[in-house]
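Me: I am new to reading protein structures. Could you take me through one, feature by feature?

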Amino acid sequence: MIDIHSHILPEVDDGSKNIEQSLEMLKEAERQGITDIILTPHYRHEYLTKKEHIEKNFAQLKTAAKEHDINISLYLGQEIFAFSDMVKSLSAGKLFSMNDTKYVLVEFAAKQEMDISETVYMLKANGFIPIVAHIDRYCYADVETAREIKEIGGLIQVNATPICGSIFHRGKTMSFIKEGLVDFIASDAHYSRSSDMLKAYKVVSKKFGEETARKLFTENAKVLLHK
Ligand SMILES: [Fe+2]
């Protein structure tokens, strides 16, 4: 599997607090069958981490992972909370796109309603391809919202964890998958939260077939890795 959304990079946000936690998370990912991970630290008002700091920690983590014989390829991205000057910052190279591609992982507020389509449209118009992070978490986003995003040319990611939850919690996420609106399923792993990629893969495979699971957990993400 390829995990396109994670907070494994140490000391940059509310994810891993140090390199030991990061290595623990990487070993768990490897155990679950993940071969490639895009590290996507938050970029939002509490975490306006400087690019140089992220790059330095990325280099350190890559070295440490190699020293610990962890067989996962690591890439750099960012989970950017939508803001008005986002396009300007991206175009000026102040933020990370996904592995230096035109794909950008964008996050929105969970409760306060935001016009997701407007942001998607603006990014598309400026040559980027937005991936809407965990649409399952926005209480105001439903299947129709997702359809509109796709029509404008945006892509959609959902988290693995709710897929493994109770029927009540999994309902909304499953409805996006059922309608064929999801492009990626990712862990959004934080050290404090469990990563359920393998468990979710099995659920999706059982309910929607192996081909759909492969697409959502692996194949679709290859474009981000230039594979
Ligand atoms: Fe995240």
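Reply: Start with the elements. Helices (H or I, at least four residues) and strands (E, at least two) are DSSP runs, numbered from the N terminus. Asp3, for one, sits in strand 1 (residues 2-3). This is a predicted model: local features need pLDDT of at least 70, side-chain atom pairs count only at pLDDT 80 or more, and totals for chains, interfaces and linings use all residues. Residues are numbered from 1 along each chain as its sequence is written, and side-chain values use heavy atoms, with hydrogens and water left out.

Me: Is Asp3 buried or exposed?

Reply: Learn the cut-offs: buried means under 20% relative accessible area, exposed over 50%, partly exposed in between (1.4 Å probe, protein chains only). Asp3 has a relative accessible area of 2%, so it is buried. Now take Glu20, in helix 1. Glu20 is exposed, because its relative accessible area is 52%.

Me: What does the side chain of Arg44 make a polar contact with?

Reply: The rule comes first. A polar contact is a pair of N or O atoms within 3.5 Å; within protein, one must be able to donate a hydrogen and the other to accept it, and residues adjacent in sequence count only if both atoms are side-chain atoms. The partner is the side chain of Glu107, at 3.1 Å. Arg44 belongs to the loop between strand 3 (42-43) and helix 2 (51-67). Its relative accessibility is 18%, so Arg44 counts as buried.

Me: How do I read the sides of a helix?

Reply: An α-helix has 3.6 residues a turn, so residues three or four places apart point the same way. Look at helix 7 (residues 197-208). Its buried residues are Met197, Ala200, Tyr201, Val204 and Ser205. They lie on the same side of helix 7, because they cover an arc of only 135° around the axis. The arc is that of the directions from the helix axis to the C-beta atoms.

Me: Which exposed residues are on the face of helix 7 turned away from its buried side?

Reply: That face carries Lys199, Lys202, Lys206 and Lys207. Just after helix 7, Gly209 has a positive phi of about 100°.

Me: Which residues are buried in helix 4?

Reply: In helix 4 (residues 116-125), they are Ile116, Ser117, Thr119, Val120 and Leu123. Their arc is only 160° around the axis, so they share the same side of helix 4. Exposed Glu118, Tyr121 and Ala125 are on the face turned away from it.

Me: What about empty space?

Reply: Rolling a probe the size of a water molecule over the atoms shows where empty space is left. On a 1 Å grid over the protein atoms alone, a pocket is an open set of points where a 1.4 Å probe fits, with protein on both sides within 12 Å along at least five of seven lines; lining residues have an atom within 4 Å of a point. Here the largest pocket holds about 150 Å³ of space. It is lined by 15 residues, and the closest to its centre are Glu24, Met25, Glu28, Ala189 and Ser195.

Me: Which helix gives the most to the lining of the largest pocket?

Reply: Helix 1 (residues 19-32) does, with four residues.

Terms used:
Points joined across faces, edges and corners; volume = space filled by probe spheres on them. Expected span 1.5 Å × (residues − 1).
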